Amino acid sequence: MIALAFWATVINYLDRQTLSVAAPALREQFHMSNVDYSNVVSAFLLAYTIMNGISGPLIDRLGTRLGYGLCVGWWSVSAILHAFARGALSLGAFRFLLGMGEAGNWPAAVKVVAEWFPERERALAAGLFNSGSAAGAILAPPIVAYLLLQFGWQSAFVFTGVAGLVWLGFWGRIYRTPDTGLDGSEAASPPIPVGVLVRTRFVQAFTASKIFFDSVWYFYIFWFPEYLKHARHFDLAAIGKFAWIPFLVAGFGNLLGGWFSSWLLGRGYSITVARKSAVTFFTILMMSAIPAVLVPQAWVSIAFVSIAMLGYTGGLANMLSLPADVFPKSAVGSVYGLASMGSGFGGMVFTMATGWVVEHYSYTPVFLGFGFVPLVCSSILWLFLGPVEQLFPDSRRAACTL
């Protein structure tokens, strides 16, 4: 079951990374400036932000099997439509459609984890499926560069879209929900109303933390190939050869992050200390973005970026498990979807700011900023999130009384 979520995440990142790798060619063909490119990326993030607040509750109500399938089908068709783009406007429109569908991946995958794994295993299980993001980002540069050079940029978007439709066939045949979950207490529980969820301290603080956490990752996935081309003077072939390296390193962060919090739990630390300490440790690693832009050698810069991206995925493995630690399974998709609205909002704002800063100055202040921003996330978790404990152990009663 977790393998299905892993491969959906791989395809999800193939779809979104196709634009990043093809950006140098598309920008030349469509005559896009840095600001134009940031607007195209922001179109994706705008839809992603809006739909996170809708897809999570929708998946909770439709169920994981149907809800996840609808999201993957939507984003796969949207990816294929990119082949018909004729300029920045149409490209941005298709990115908007892609963002609408891709917003459902993490609420659905987190729900898979909640349905199939107990508390102590959730961070590792979340890290396993989320390693698909690194795998997709690893595969994207060589695959997209090859398809682009051999068959044109349109073929790359068609390939990734078809991959999602193939996954959909396997999902429909294989996935099932446990009859009673890990215990029988939540089997018949209705979803907790969204109005109740958004008033909780956890959802408010968790949403705020994701504004400053996920925006760093969006910078790397959407701007790193552009950085290699314009700041390190890589051509498309060199981008295809080397841009995947940080994502390979980031893949290990998913496993390391899950193992680290499990190790802390095994040493007797509370779930609150284990999750928050793990996120803090990995956000400190993300500060390696600062020397990445200052060193003269490109390979050293890539090494520092790799450490920063490992820090993100290590922290994310624990962030992904937090909703299931606090809420019943019937509300996990809704909680993560609502919180991810903060992720999309932060990504959109920081992406537009990145385009403006790069256009008027350079990449140096951008890397410096993204080195410090993750520390805001860990500070919010310690100061405002509160204890990591079940808020609504009886979700049926909570839904009726609050």
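1. How many disulfides does the count come to? It comes to 0 disulfides, a disulfide being a pair of cysteine sulfur atoms within 2.5 Å.

2. A word on what you are looking at. This is a predicted model, in which local features need pLDDT of at least 70 and side-chain atom pairs count only at pLDDT 80 or more, while totals for chains, interfaces and linings use all residues. Residues are numbered from 1 along each chain as its sequence is written, and side-chain values use heavy atoms, with hydrogens and water left out.

3. On confidence, the mean pLDDT of the protein chain is 85, and 94% of its residues reach 70 or more; pLDDT is the predictor's confidence in each residue, from 0 to 100. Residues 181-188 stay under 50, and the model has 15 contacts for them beyond four places in sequence, where contact means heavy atoms within 4.5 Å. Over residues 395-402 the pLDDT is also below 50, with 16 contacts in the model beyond near neighbours in sequence. Where pLDDT is low, the predicted coordinates should not be read in detail.

4. Helices are DSSP runs of H or I with at least four residues, strands are runs of E with at least two, and both are numbered from the N terminus.

5. Phe367 is worth a click. Neighbours within four places in sequence aside, Phe367 is in contact with Phe219, Tyr220, Tyr227, Ala289, Ile290, Ala292, Val293 and Val305.

6. Ala109, in helix α5 (residues 105-116), is buried at 0% relative accessibility. Not counting residues up to four places away in sequence, Ala109 touches Ala5, Tyr68 and Phe129.

7. Thr64 lies in helix α3 (residues 64-81), and its side chain makes a polar contact of 2.8 Å with that of Glu115. A polar contact is a pair of N or O atoms within 3.5 Å; within protein, one must be able to donate a hydrogen and the other to accept it, and residues adjacent in sequence count only if both atoms are side-chain atoms. Among the residues that Thr64 touches beyond four places in sequence are Lys111, Trp171 and Tyr175.

8. Thr18 belongs to helix α1 and is buried at 0% relative accessible area. The Thr18 side chain reaches the backbone oxygen of Leu14 at 2.5 Å. Beyond four places in sequence, Thr18 touches Val144, Ala156, Phe157 and Thr160.

9. Arg122 sits in helix α6 (residues 119-151) and counts as buried because its relative accessibility is 9%. Arg122 and Asn318 are 196 residues apart in sequence and 8.4 Å apart in space, C-alpha to C-alpha. Leaving out residues up to four places away, Arg122 touches Val113, Phe117, Arg275, Ser321, Ala324 and Asp325.

10. Please also look at the backbone at two histidines. His31, in the loop between α1 (2-30) and α2 (34-62), has a positive phi near 55 degrees and is exposed at 68% relative accessible area. His233, in the loop between α9 and α10 (236-242), has a positive phi near 65 degrees and is exposed at 67%.

11. Finally, a check on helix geometry. Helix α11 (residues 245-266) has 22 residues, which at 1.5 Å a residue should span 32 Å, and its end C-alpha atoms are 32 Å apart, which agrees. The expected span is 1.5 Å times one less than the number of residues. Just after α11, Gly268 takes a positive phi of about 100 degrees.

Technical notes
Buried means under 20% relative accessible area, exposed over 50%, partly exposed in between (1.4 Å probe, protein chains only).
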